[in-house]
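Student: Could we go through this structure together, one question at a time? I would like to see how each answer is reached.

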Amino acid sequence: MLIINCCTRFHAPSSIRISVVRRRTHSQTHSFCCFGHENNSLAKSPMEQSNLSANTVMDHPRALTDKINLIRDAGPSKFQVIADFDATLTRYRVNGLRGQTSHGLLQQGNAYYDAKRQALYDHYHPLEISPLIPVDEKTKLMEEWWSKTHELLIEGGLTYEAIKKSVADSSIAFRQGVTELFEFLEKKEIPVLIFSAGLADVIEEVLRQNLHRTFKNVKIVSNRMVFNDDGQLVSFKGKLIHVLNKNEHALDMAAPLHDRLGVDTAEEDEENANMKKRTNVLLMGDHLGDLRMSDGLNYETRISIGFLNDNIEKSLESYREAFDLVYLNDAPMWGVLELVSQLFSTEAS
Ligand code: TMP
Ligand code: MG
């Protein structure tokens, strides 16, 4: 069992203040911290602060402070945010039950096809999370799963209307603070790349219905559908993105992302090239594999934030080693918002 044995206040340069609670196991010392910013209008109530603090884990506060300084010195024009969607931007639990994913919420309006997709889920999901299957073998299995599911969506004649209804009926919810985070980043003209092995059209509809607005800095890289004039799904664009090939190469592989907004391919290419010049990154994910989302980017400095939602006892050790900062138990985004607001405060930029 972990025992709290001392509490220090860690003073980082230039107004970053991090409360650190050091905890010692038999042989290791771990640090738990929460970002606090005095006189910061984004700061939450003492109760919210202490809840967040209790759900925040960080092993190397000084290393994180060094990264923060490097990113701040380089400025917002060199910075981008890469975020996974399901269980990272969205909550893992909604009203006490497992929240739905962009795939999971989809009801085709045809019970036969919904059941067939569910059967695929029941077969492949255990394989997805099995630590015993080698990556190349698992990659093939994931390709198989995603391809079969996409085929069923086409064969079952999914319509855009069914997507709208599915989202309206779904139990999917964003973490608290996501809107505020996107708003802050939009004001600073910092791009946010939402990287998902889910379904772009569903994610867009979730953003529309749950956040009630769009953000010009937010771009979705995910599997995108093509509908015919009758509003029926006929194909998918670009290369299939599954859970094991989610890395920034997917930016080049994925179909043009802003077709509907009338952005042409040349503009899209230029936009992607500009994204790659932003070599300081804040990466957020809920799986260790999400760390690979920045693979295609030759990044200089990366701050990684992991959301550990389930199996905390078993997974905490590997998460705290892999991520700079880990949030537990469906923590809200307030800590991330404070972090970016400290990186690029209004006075600094
Ligand atoms: P993410 O990349 O946004 O985390 O989404 C990928 C998740 O989608 C992955 O964990 C498995 C899940 N999934 C389903 O729930 N149903 C499906 O039919 C498929 C293909 C994936
Ligand atoms: Mg996820």
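Student: Is Asn311 buried, partly exposed or exposed?

Tutor: Good place to begin, and keep in mind that this is a predicted model. Asn311 lies in the loop between β12 and α10 (312–322). Its relative accessibility is 48%. Buried means under 20% and exposed means over 50%, so Asn311 counts as partly exposed.

Student: What is the phi of Asn311?

Tutor: Start from a general rule: most residues other than glycine have a negative phi. Asn311 is not a glycine, and yet its phi is positive. The value for Asn311 is about 55°.

Student: Which loop holds His212, and is His212 buried or exposed?

Tutor: His212 also has a positive phi, of about 60°, although it is not a glycine. You will find His212 in the loop between α7 and β9 (218–227). With a relative accessibility of 65%, His212 is over the 50% cut-off and therefore counts as exposed.

Student: Which residues are the protein donors of the magnesium ion (ligand 2)?

Tutor: Look for protein atoms lying 2.1 to 2.2 Å from the ion. Along the sequence the donor residues follow the spacing D-x1-D-x199-D.

Student: How many residues apart are Asp84 and Asp286?

Tutor: Asp84 sits in strand β5 (residues 79–84). Asp286 is in the loop between β11 (280–285) and β12 (301–308). The pair links distant parts of the chain, and the separation is 202 residues.

Student: Is Asp84 buried or exposed, and what about Asp286?

Tutor: Compare each value with the cut-off of 20% for buried residues. Asp84 has a relative accessible area of 4%, so it falls under that limit. Asp286 has 10%, so it does too. The word for Asp84 is buried, and for Asp286 it is also buried.

Student: At what angle do the axes of helix α5 and helix α7 cross, and is that parallel or oblique?

Tutor: Helix α5 (residues 160–169) and helix α7 (residues 200–211) have axes that come within 9 Å. The axes cross at roughly 50°, which makes α5 oblique to α7. As for handedness, α5 passes α7 in a right-handed crossing. To put the answer together, the angle is roughly 50° and the arrangement is oblique.

Student: How many residues of the contact of α5 with α7 are charged?

Tutor: On the α5 side the contact includes Tyr160, Ile163 and Lys164. On the α7 side Asp201, Glu205 and Arg208 are among the residues that take part. The contact divides into six nonpolar and two polar residues, and the number of charged ones is four.

Student: Are α6 and α11 roughly parallel or roughly perpendicular to each other?

Tutor: Helix α6 (residues 178–187) and helix α11 (residues 334–343) have axes 9 Å apart and pack at an angle of about 15°. Their crossing is left-handed. Angles under 35 degrees count as roughly parallel, and α6 and α11 are therefore roughly parallel.

Student: How many nonpolar residues are in the contact of α6 with α11?

Tutor: Here Glu180, Leu181, Phe184 and Leu185 in α6 meet Trp334, Val336, Leu337, Val340 and Ser341 in α11. One residue of the contact is polar and one is charged. The nonpolar residues number seven.

Notes. Residues are numbered from 1 along each chain as its sequence is written. Chains are lettered from A and ligands numbered from 1 in the order in which they are written. This is a predicted model: local features need pLDDT of at least 70, side-chain atom pairs count only at pLDDT 80 or more; totals for chains, interfaces and linings use all residues. Side-chain values use heavy atoms; hydrogens and water are left out. Donors are N, O and S atoms within 2.8 Å of the metal (3.2 Å for Na, K and Ca); water is not among the atoms, so sites may look incomplete. Helices (H or I, at least four residues) and strands (E, at least two) are DSSP runs, numbered from the N terminus. Buried means under 20% relative accessible area, exposed over 50%, partly exposed in between (1.4 Å probe, protein chains only). Axes are lines fitted to C-alpha atoms, for helices over the stretch in contact, and angles run from 0 to 180 degrees between N-to-C directions. Angles under 35 degrees count as roughly parallel, over 145 as roughly antiparallel, 65 to 115 as roughly perpendicular and the rest as oblique. A crossing is left-handed if the near helix is turned anticlockwise from the far one by less than a right angle, and right-handed if clockwise. Contact means heavy atoms within 4.5 Å. Ala, Val, Leu, Ile, Met, Phe, Trp, Tyr, Cys and Pro count as nonpolar, Asp, Glu, Lys and Arg as charged, and the others, Gly among them, as polar.
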